[in-house]
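Let's take a walk through this model together, going from charged side chains to the core and then to the open spaces. Keep the viewer at hand as you read.

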Amino acid sequence: AVLAKALDLSQKDSPDQVVNAVKSWLGQNQKWLLIFDNAQEPDVLKRFLPQGGGGHIIITSRNPIWGSMARVLPVEVFEPAEAVDFIFPQRI
């Protein structure tokens with residue numbers, strides 16, 4: 001719902017309409033990054049994934065069963081300062 005509002009999408013009546021409107025926008029636009037943090041199960045997330053578009057999706061999870069729908073990249077646990085440096089390498 002927050003993403004639909006930020007994109008100024010008019011379909012804001014029901015949760016399903018919001019999800020479909022956001023997925024449609026993402027599927028028709030480029031240069032976006034969608035992050036699902038600490039996702040539990042692939043089946044739960046599938047309904048939120050856009051098809052097409054010119055963006056990227058990052059899914060973080062402690063569950064190792066994502067290989068059927070995503071390329072798995074193991075990442076060691078960062079210390080807080082390492083995490084900030086990884087996400088914002090050019091920060092001042």
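D16 is partly exposed, with a relative accessible area of 47%; here buried means under 20% relative accessible area, exposed over 50%, and partly exposed in between, using a 1.4 Å probe and protein chains only. The partner of D16 is R47, and the two form a salt bridge whose closest N and O atoms are 3.1 Å apart. By salt bridge we mean a side-chain nitrogen of Lys or Arg within 4 Å of a carboxyl oxygen of Asp or Glu. R47 is partly exposed too, at 42% relative accessible area. D16 sits in helix 2, while R47 lies in the loop between helix 3 (42-45) and strand 2 (54-59), so this pair ties together parts that are 31 residues apart in sequence.

The structure holds two salt bridges. In the other, the side chains of K46 and D43 meet at 3.5 Å, N to O. K46 is partly exposed, with a relative accessible area of 46%, whereas D43 counts as exposed at 61%. In general, side chains of opposite charge can pair when their charged atoms come close.

A word on the ground rules: this is a predicted model, where local features need pLDDT of at least 70 and side-chain atom pairs count only at pLDDT 80 or more, while totals for chains, interfaces and linings use all residues. Residues are numbered from 1 along each chain as its sequence is written, and side-chain values use heavy atoms, with hydrogens and water left out.

Now zoom out to the fold. The protein chain has four helices and two strands, in the order α-α-β-α-β-α from the N terminus. These elements are DSSP runs numbered from the N terminus, with helices being H or I of at least four residues and strands being E of at least two. The C-alpha trace spans about 40 × 35 × 20 Å along its principal axes, and buried residues make up 17% of the 92 residues.

Where do the nonpolar residues gather? The largest nonpolar core has 13 residues, and those with the most contacts inside it include V22, L26, L34 and F36. Such a core is a set of buried Ala, Val, Leu, Ile, Met, Phe, Trp, Tyr and Cys residues joined through side-chain atoms within 4.5 Å. Helix 2 (15-28) and strand 1 (30-36) each supply at least two of its residues, and helix 2 gives the largest share, four. Leaving aside residues up to four places away in sequence, L26 touches W32, L34, P50, G52, G53 and G54, a contact being heavy atoms within 4.5 Å.

The largest pocket holds about 1,300 Å³. Of its 27 lining residues, I58, I59, T60, S61 and V75 lie nearest the centre. By class, the lining has 19 nonpolar, four polar and four charged residues; Ala, Val, Leu, Ile, Met, Phe, Trp, Tyr, Cys and Pro count as nonpolar, Asp, Glu, Lys and Arg as charged, and the others, Gly among them, as polar. On a 1 Å grid over the protein atoms alone, a pocket is an open set of points where a 1.4 Å probe fits, with protein on both sides within 12 Å along at least five of seven lines, and lining residues have an atom within 4 Å of a point. Grid points are joined across faces, edges and corners, and a volume is the space filled by probe spheres set on them.
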